[in-house]
Amino acid sequence: MVMKPNTQGADKKVNPTRPSTNRWNEQEIPNAVTKGLCNYDWPGNEVAQLLLFRYTTELKICGATSQASNRLAFNRLSMPMNDSQRDAVLAAAEKLFDAETLYKLAKSVSDVRRRKALRYWQQKPLAELATLSGVDVQSPKLFVAVFKGTQKRYSAGKPPESAEDAEARKELNQSINEMIRKSRNPKHGKPMAPPRPALNREAEQIGFQVVYSLQQLADRRVDSLKDGPIDDHSLHCCRELIRANHLGAEVQAESLMAVVSDSIEFAVQYFEAGKTSLHGWFRQLSDSLFLCCYCGFEEELTRICQWTTPRKKPEYLPSQVAPEIQQLHLMLANLCQPAPAKGFQTLVKNCLKNRKTRVRLLAEIIDAIQRSDQQTFEASTRKAIKNFKKRKRTVSESTLLAEWFPVHVNTAYYVGLRCGMTPYEFEANIAAYLCGSFPNVRAT
């Protein structure tokens, strides 16, 4: 767009000619400014634009050239600045401002970078600096380019800290350090107790190290199941007790199976009543699938799995459970139906191409179950457990035993056994991560 200077004679139109060369030179710029040549479609270099801004500022031409200055300031936001230009602007700022103003400008760089705009108090001093230096430091990008990293250089203008501020800063630092110490150790900095010895060979293979008594934990959970209501929490506790038994804790099979039966009956009623839209479905379905396939509740498993359809949407979970993992559990439930529904094949194919290794390996197990491929089922289970073993685990105070097991792999493995896969004698360091069954207590 060609802009014209403001003249009282509106009849006389200004039609300036284009410079003879494709590059502006220093001699043509004053003429271009005075004649109102403000067509920014002309090719030009950075030095020419800088000189044009300087002449525009010094001559203080009104009308078209003032608009040209604004347009130039906008175009110069993407222009780089070399060290010599930056030093020249800083030298002009040191002559123009006192130490306190320089420190305030240097300190406000992070604020300008975050807001991408200047504060009101910065506009007047930066306008004076732009007039003196000829560089449009009123643009946020150029201001950051000039004053970044200068806070230490102009620290002489920093106002002295009062005794009250120093005391408040000291208390704040102590509070932050205390919070960090508490987050690292829940016992507020007390030394952690030595780990308890492993109770069986499986616990040794896993590297199970905790500072509490596993047997006492199992006894407390059994007591809570006896006194508490039967709900989705009891499903989780039953699964945790199976893990505790696998790690060496003594759990009475008969009493546990009674609670498992009641918990699975609760899950059947939960899914048939359609309460999943209010209270979620993933954890209830995952625990029900494992318990039904592990303990042999065939009729209840069929009734629970009739709820699943390919159109079920993943629920939001604060924990790191990927939506693909939730969808693969729908596929596992579909395999347990007498007549599996159609529409899940595309889901499994997409998960086989997923970039997350744990999702891809779980999809391979499910795909092997669907195709009744025993060899791929064994190989995929082994690879999934090896991938889980890569996670770093140390001595823990957490009472959540699920952290020591590949939970989803266990569910898929027992669903595969229920769907006709043959149990395989894995190596000891692999089989330790698959929950073994209670002797002689499988439901009929």
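**Helix packing and aromatic rings**

Helix α17 (residues 323–335) packs against helix α19 (residues 357–371) at an angle of about 10°, and their axes are 10 Å apart. That angle makes α17 roughly parallel to α19 (angles under 35 degrees count as roughly parallel). The model is predicted, with local features needing pLDDT of at least 70 and side-chain atom pairs counting only at pLDDT 80 or more, while totals for chains, interfaces and linings use all residues. Residues are numbered from 1 along each chain as its sequence is written, and side-chain values use heavy atoms, with hydrogens and water left out.

The crossing of α17 and α19 is left-handed, a term for a near helix turned anticlockwise from the far one by less than a right angle. On α17, the contact (heavy atoms within 4.5 Å) is made by E324, I325, L328, M331, L332 and L335. On α19, V359, L362, A363, I366, I369 and Q370 take part. By class, the contact of α17 with α19 has ten nonpolar, one polar and one charged residues.

The structure also holds 15 aromatic pairs, where rings of Phe, Tyr and Trp (its six-membered ring) pair if their centres lie within 6.5 Å. The rings of Y270 and F271 have centres 5.5 Å apart and planes at 85°, so this pair is edge-to-face (planes over 60 degrees apart). Y270 counts as buried because its relative accessibility is 6%, and F271 counts as buried at 3%; buried means under 20% relative accessible area, with a 1.4 Å probe and protein chains only. Elsewhere, ring pairs link F290, Y294, F377, Y413, Y414, Y424 and F426 into a cluster.

Technical notes: Axes fitted to C-alpha atoms, helices over the stretch in contact; angles between N-to-C directions. Helix = DSSP H or I, 4+ residues; strand = E, 2+ residues; numbered from the N terminus. Parallel < 35°, antiparallel > 145°, perpendicular 65-115°, else oblique. Nonpolar A, V, L, I, M, F, W, Y, C, P; charged D, E, K, R; others polar. Phe/Tyr/Trp six-rings, centres within 6.5 Å; stacked < 30°, edge-to-face > 60°. Buried < 20%, exposed > 50% of the residue type's maximum accessible area, 1.4 Å probe, protein only.
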